[in-house]
Amino acid sequence: MSLLTEAWDFVRNARLVRNAREYSSLIPDYLNSFPSPTESAALFASVHTYVMFIGLGRSGTTLVGALLDAHPRMVIARQLGALKYLWPVPFSRERIFRLLVQNSLKTARDGWPGGGGYSHAIAGQMQGRFEAIEVIGDKSRSAQSLEWFASRPALLSRLADTTRARIRMLHVIRNPYDTIATRSRRRRVSPEKISREYFALTGQLYELSGRIASHAGLDIKRIPVHLEDLILDPKGQLAELCNSLGVSPSEDYLEACAGIVYRKPSEPRRTIEWPAQLVSDIQHRMQEFPHLQRYSLTGDD
């Protein structure tokens, strides 16, 4: 990896730059969030759960978001960055929810594109449409969400107060070596740099989990989803996830969703050379976090 590539990656992913990109859409989004003349006054009356993702990117978050958006009673937007509508001046609950619905519709029209250039469209299901909305949320930039919660202590309460719903944070987990390898290749930076970022964000995730536990008055829970388990048993794992979110999955829905899930996990960790010291460092760091202790360079232990 060249010094120029590393420097450009630093600038492109700097917090100031990423936040500027997020907030550039704020005014047009506000204008787009007015109700349409045909909107039912009861459109969001049945929403009981707000979903957001806190798993690190390249861990399967887009796949999980697409599967949930296909449910007739769930709306999951993709890369909307809904947290920006809460800070510094919050949009109303209804405005945020309208933007999530609009994004879901657009994403479905685009075929729910994945980060690898493939489609997560599910034929015959309800992506971009719904019978009623009980669960709504945003499959957004997970790492940035963690940074926002770390730097804005009041954001957690504001999220709950604004949505007036229980909060479920989906923590999609993948073998760290696969996540690090994929992010390293796509950003063209060293796996050492990505590894440092990975464990810094994982540390923030556990800090957030501690803060959630301390907010006894808020109905907020972290729901872990291991990508490897989802791939091995898509129907069983998805049914369990739906039940955790408070909706029932039909057999037709589960069958259709299982049909787009790969039969075995991809293993990008096998496509790069791993320095022995880096492998040792990663293996040591993984022992600090219970949800990572099952993994190794050779596979899922």
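Student: Into how many nonpolar, polar and charged residues does the lining of the second largest pocket divide?

Tutor: This is a predicted model, in which local features need pLDDT of at least 70, side-chain atom pairs count only at pLDDT 80 or more, and totals for chains, interfaces and linings use all residues. Residues are numbered from 1 along each chain as its sequence is written, and side-chain values use heavy atoms, with hydrogens and water left out. Ala, Val, Leu, Ile, Met, Phe, Trp, Tyr, Cys and Pro count as nonpolar, Asp, Glu, Lys and Arg as charged, and the others, Gly among them, as polar. By this scheme the lining of the second largest pocket divides into seven nonpolar, four polar and two charged residues.

Student: Which residues of that lining lie nearest the centre of the second largest pocket?

Tutor: On a 1 Å grid over the protein atoms alone, a pocket is an open set of points with protein on both sides within 12 Å along at least five of seven lines, and lining residues have an atom within 4 Å of a point. The second largest pocket holds about 210 Å³ of space, where a volume is the space filled by probe spheres set on grid points joined across faces, edges and corners. Of its 13 lining residues, those nearest the centre are Ser36, Glu39, Leu43, Arg98 and Val101.

Student: Why can the protein be called as compact as a globular protein of its length?

Tutor: The protein contains 13 helices and seven strands; helices (H or I, at least four residues) and strands (E, at least two) are DSSP runs, numbered from the N terminus. The radius of gyration is taken over C-alpha atoms, and the globule rule is 2.2 Å times the number of residues to the power 0.38. The protein is as compact as a globular protein of that length because its radius of gyration, 19 Å, is close to the value that the globule rule gives for 301 residues, 19 Å.

Student: Which residues have the most contacts inside the largest nonpolar core?

Tutor: A nonpolar core is a set of buried Ala, Val, Leu, Ile, Met, Phe, Trp, Tyr and Cys residues joined through side-chain atoms within 4.5 Å. The largest such core has 53 residues, and its largest share, seven residues, comes from helix α9 (residues 191–214). Inside this core, the residues with the most contacts are Tyr50, Leu100, Ile136, Phe149 and Met169.

Student: Which residues does leucine 100 touch, not counting residues up to four places away in sequence?

Tutor: Contact means heavy atoms within 4.5 Å. With residues up to four places away set aside, leucine 100 touches Tyr50, Val75, Ala77, Leu80, Ala82, Ile136, Gly137 and Asp138.

Student: Is helix α6 largely enclosed or open, and which of its residues are buried?

Tutor: Eight of the ten residues of helix α6 (residues 142–151) are buried, so this helix is largely enclosed by the rest of the structure. The buried residues of α6 are Ser142, Ala143, Gln144, Ser145, Leu146, Glu147, Trp148 and Phe149.

Student: Which elements give two or more residues to the lining of the largest cavity?

Tutor: A cavity is a set of grid points where a 1.4 Å probe fits but cannot get out, and the whole structure has two cavities of 30 Å³ or more. The largest cavity holds about 130 Å³ of space. Among its 14 lining residues, the closest to its centre are Gly81, Ala82, Leu83, Ser140 and Ser145. The elements that give two or more residues to this lining are β1 (49–53) and α6.

Student: Which element gives the largest share of the lining of the second largest cavity?

Tutor: The second largest cavity has a volume of about 50 Å³, and its lining residues include Leu56, His171, Tyr198 and His291. The largest share of this lining, three residues, comes from β4.

Student: Which residue is joined to tryptophan 87 by a cis peptide bond?

Tutor: The omega angle of this cis bond is about 5°.

Student: Is arginine 188 buried or exposed?

Tutor: Arginine 188 lies in the loop between α8 (176–187) and α9. Its phi is near 60°, a positive value in a residue other than glycine. At 59% relative accessibility, arginine 188 counts as exposed.

Definitions and conventions:
Buried < 20%, exposed > 50% of the residue type's maximum accessible area, 1.4 Å probe, protein only.
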